[in-house]
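This report walks a new reader through a handful of local features, beginning with a metal site and moving on to helix contacts and backbone geometry. Please keep the structure in view while reading.

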Amino acid sequence: MPVARILFPLPLPEPFDYLIPDGMTVEAGSYVRAPLGQYERTGLVWELVDTPPERELKAIESVYPTPPMPETMRRFIEFCARYNVAGPGQVLGMALRARGGLSPSPTQTVYQATGHRTNRMTAAREKVLAATAELGSGSATDLARAAGVSSSVVKGLVEAGSLKADIRATDLPYPAPDPHRQGPDLTPEQSAAAKSLRAAVKAGGYAPFLLDGITGSGKTEVYFEAISETLAKDPTAQILVLLPEIALTQAVFERFEARFGAGPAPWHSSLSDQQRRRTWREVAHGRARIVTGARSALFLPFSNLKLIIVDEEHDSSFKQEDGVRYHARDMAVMRAKLEEAAIILASATPALETVVNAESGRYQRLKLSARPGAARLPDMHLVDLRANTPETGNWLSPVLSRGLVATHAAGEQSLLFLNRRGYAPLVICKACGERLKSPGTESWLTEHRYSNRLICHLTGWSMPKPDHCPKCGAKDSLMGVGPGVERVAEEVRVLLPKATVEIFSSDTALGGEATRGIVERMAGGEVDVLVGTQIVAKGHNFPNLTLVGVVDADSGLQGGDLRAGERTYQLLSQVAGRAGRADRPGKALIQTYQPNNPAMQALAAGDRDGFLKIERDVREELSLPPFGRMAALVMSATDPAMAKEIGLIAGKAAPHGEGVTVYGPAPAPISILRGRHRLRFLITAPRDVDLSAYMAAWLRALKLPSAARVAVDIDPYSFL
Ligand SMILES: [Zn+2]
C-alpha cells in the first residue's frame with residue numbers, strides 16, 4: 001500500500017509521509033487536508049512511494065475536488081526552490097495564494113421575474129420589478145439596492161409569486177475567448193513576426209522569442225496572433241500574459257476583450273478574495289483560457305499552459321524583492337521549458353540579459369522597427385556641465401533650470417531623474433579631479449553622510465571619509481558630487497515656488513498603493529515636477545510630460561548599480577512613446593561632465609543598439625551578469641552589535657568555492673529598515689558555477705542566533 005508524501009505550504013525542509021485511508025483516491029498532485037502537529041492543514045501530495053513506513057503514520061483527512069497539480073508544475077516548484085535557495089514549501093505557498101479556490105464556488109440565492117403580476121402592486125414593488133427587468137436577475141440585496149428599497153420588498157414579491165428564487169454559484173466561469181475573431185490588418189513587418197509566432201505555436205514544444213519592437217510598433221497586436229493560434233490549436237490550451245503590476249489597467253483588459261470577445265481572468269495584488277479564488281479555481285480546472293497577471297500569476301496551477309507572454313520584460317517589477325526572491329521573467333522561461341510551451345518576451349527596451357540570449361541564438365529575435373504612430377525619441381540634448389555649471393550648491397544647470405521654468409509656464413510637466421537617494425554617488429578631488437574608486441574595481445565610492453564613510457555598493461568595501469586626497473594629498477579637497485532626490489526637489493521649489501513638486505523614490509513610495517498614488521497624481525496633472533529615482537523608469541504614461549531632465553547621467557551610467565545605465569535609457573525611451581502621439585515633441589536634457597563618453601553619445605543619438613553594445617562590453621570585461629553570476633546574502637538583526645556579530649559568523653562560515661568571490665559584509669544599501677540593522681554580502685562567480693548550490697551550502701553551514709534573519713537573493717537587482 002503506497003504512502004503519500006505531503007508537502008505543506010510552510011517553511012519546512014521536506015514533505016511528510018501519510019497513510020491513504022481505504023476508499024480514498026489520491027494521486028501525486030492531489031490537494032488534501034492532513035493533520036500536522038495540532039492542526040489540520042492543506043497540503044499537496046508531492047509523490048506516492050511504496051516504501052513501507054518505519055513508524056506509525058497519520059492518515060490523510062480529505063481530498064479537495066480540484067484536479068491534481070500537474071507534474072510539470074511540481075517540477076517547476078522544485079526548480080524555483082532550488083534556484084532561488086528557498087524551501088519547496090515556501091514556493092508551494094506562492095502557488096496556493098487563494099485557498100478558497102480549492103473548494104467549489106459558494107452559492108447564492110438570486111431572483112428573477114416569473115411574469116406573474118400580483119394585483120397588490122405598490123410603487124416600491126414596481127421599482128423592484130423594473131430593476132429585475134434591467135439586471136435579469138440578482139440577489140435580494142442587489143435588487144433592493146438597484147431599486148432603492150429595502151430587501152423585504154423583494155421577499156414580498158417572492159411570496160406574491162412575481163419573483164422566483166434560484167440557487168447559483170457566486171463565482172462564475174470566465175466567458176470563453178473566441179479564437180476565430182478577425183484581428184486588425186497587420187503591416188508586412190507585423191505579419192512576418194506573427195507568422196513566425198503562429199508557426200512556433202503550431203509546431204508545439206518549447207520556443208522562446210524576443211519580440212523587440214519600438215514603442216507604438218504593435219507588439220500587442222502581434223502577440224495576440226500567437227494567442228489566437230494557441231486558442232484555436234488546442235481547445236484546452238491556456239495562455240498567461242505577465243505584465244508589470246502597474247500596467248494591469250482596465251484599458252489593457254478591454255483590449256483583450258475587443259480582440260477575443262471576452263476579457264481575460266485577472267491576477268494582481270488589488271483583487272478581492274472572491275476574485276482571487278475565482279481566478280485560481282478557473283485556472284486549476286483549466287477553464288480560464290487567458291490570464292493576465294502580475295509576476296505572482298506565474299505560480300498559478302495551470303493545467304495545460306501552452307503560451308507565456310512577458311510584456312515589458314525589462315521591467316524591474318518582475319523581480320520580487322522579499323519573501324522568496326525571484327525574477328519572474330527568468331522563472332517564466334524555465335516554466336515554458338518544463339511545460340514545453342512557447343514564450344514571448346516583449347519590450348521596446350529589452351534587458352541586456354535578454355538581448356545577449358537573443359544574440360547567442362538561445363531566443364529567436366523578432367524585430368518591429370516600423371513606426372506607424374510616428375513615435376520617436378524625444379529631442380535629446382547633452383548638457384556639458386563643464387560649460388553649463390550649476391551655481392555653487394545647486395545641481396541643475398542654467399539650461400535645465402530655464403527648461404523647467406518654460407515647461408511650467410506652458411502648463412506642462414517635467415520629470416527629473418536621479419538614481420541616487422539621500423547620498424552623493426561620487427566623490428571627487430577639487431584639486432586634481434581624482435574620482436575615488438573602490439580598490440581593484442571601476443566602481444565609484446558613494447558618500448554616506450550619516451556615517452561619514454565612503455562605501456562601494458558593488459563590493460561592500462568602505463573607509464572613513466579622508467581629510468586628504470589619496471592621489472594628490474590636497475587637504476579638504478574631496479567633495480561629494482551629485483545630490484539625492486531631496487536636495488534636487490528643494491532646488492526646484494526655490495526655482496518654481498508656485499509649482500507642485502513631488503519626490504518619487506523607494507523612500508516615498510513603499511508598496512504598490514503609494515506608488516499608484518504618485519503615478520495617478522502625476523498622470524492626472526496634479527504634479528508639476530516629479531523628482532525620482534529609477535522607480536520612475538517603469539512603463540508609466542504621463543500624457544502632459546514634455547521635459548525630462550537627467551540630473552546626473554554620469555552616475556546613471558557608471559554608478560554602483562549594475563543596471564543603472566539600462567534604466568536611464570529605458571526612462572528616456574519611455575518619454576518617446578508619448579512624444580509621437582502628442583503634437584509637442586518631448587525634450588530630454590542630459591547633464592554630464594563627460595559629453596564625449598561613447599555611452600553618452602549613443603544615448604543622445606537615440607542609438608539603442610549602440611548603447612547596449614557599450615553596456616555589454618563593460619559587463620563582459622568585468623564578468624558581471626549575464627557574463628558572470630551574482631548573488632547576495634542579506635542579513636539583519638534588531639541590535640546593531642548583534643548585526644555586526646552575525647556578519648562575522650557568516651563571513652567565517654562562507655564555504656570555499658572554485659572561482660567564487662565573497663565581498664563584505666557591508667551595510668546594506670538601506671542599512672536600517674523597519675528597525676532592523678541590515679548588512680549584505682555580495683558573491684560573484686563565473687557563469688558556469690552553480691551559485692545556487694554554493695549559497696545553499698553556505699546557509700546550511702550557518703548557525704545563527706534565532707533573532708537574526710537571513711535571505712538569499714540570486715541575481716540581485718536592488719543595489720540601492
Ligand atoms: Zn587630488
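The site of the zinc ion is tetrahedral, with angles of 106 to 114 degrees among its four donor atoms. The model shown here is a predicted one, and in this model the zinc ion is coordinated by the SG atoms of Cys 429, Cys 432, Cys 469 and Cys 472, at 2.3 to 2.4 Å. Along the sequence, these donor residues follow the spacing C-x2-C-x36-C-x2-C.

| Helix pair | Angle between axes | Distance between axes |
|---|---|---|
| H3 (residues 123–135) and H4 (residues 140–147) | about 110 degrees | 8 Å |
| H3 and H5 (residues 151–159) | roughly 85 degrees | within 10 Å |
| H1 (residues 71–83) and H10 (residues 328–339) | roughly 145 degrees | within 9 Å |

On the H3 side the contact involves Lys 127, Val 128, Ala 131, Thr 132 and Leu 135, which meet Leu 143, Ala 146 and Ala 147 of H4. Sorted by class, the contact of H3 with H4 has six nonpolar residues, one polar residue and one charged residue.

Toward H5, the axis of H3 crosses at roughly 85 degrees, and H3 and H5 are therefore roughly perpendicular to each other as well. Here Ala 124, Arg 125, Val 128 and Leu 129 in H3 meet Val 153, Val 154, Gly 156 and Leu 157 in H5. By class, this contact of H3 with H5 comprises six nonpolar, one polar and one charged residues.

The remaining pair joins H1 and H10, whose axes cross at roughly 145 degrees, and H1 passes H10 in a right-handed crossing. From H1 the contact draws on Thr 72, Met 73, Arg 75, Phe 76, Phe 79, Cys 80 and Tyr 83, while H10 contributes Met 331, Met 334, Arg 335, Leu 338 and Glu 339. By class, the contact of H1 with H10 has eight nonpolar, one polar and three charged residues.

The last topic is backbone geometry. Most residues other than glycine have a negative phi, and most peptide bonds are trans. Asp 476, although not a glycine, has a positive phi of about 50 degrees, and Asp 476 is placed in the loop between strand E20 (462–464) and strand E21 (478–481).

Definitions and conventions
Residues numbered from 1 in each chain as written. Predicted model: local features only at pLDDT ≥ 70, side-chain atom pairs only at ≥ 80, totals over all residues. Heavy atoms only, no water. Axes fitted to C-alpha atoms, helices over the stretch in contact; angles between N-to-C directions. Helix = DSSP H or I, 4+ residues; strand = E, 2+ residues; numbered from the N terminus. Contact = heavy atoms within 4.5 Å. Nonpolar A, V, L, I, M, F, W, Y, C, P; charged D, E, K, R; others polar. Donors = N, O, S within 2.8 Å, 3.2 Å for Na, K, Ca; no water. Tetrahedral: all angles 85-135°; square planar, octahedral: opposite > 155°, others 65-115°. Left-handed = near helix turned anticlockwise from the far one by under 90°. Parallel < 35°, antiparallel > 145°, perpendicular 65-115°, else oblique.
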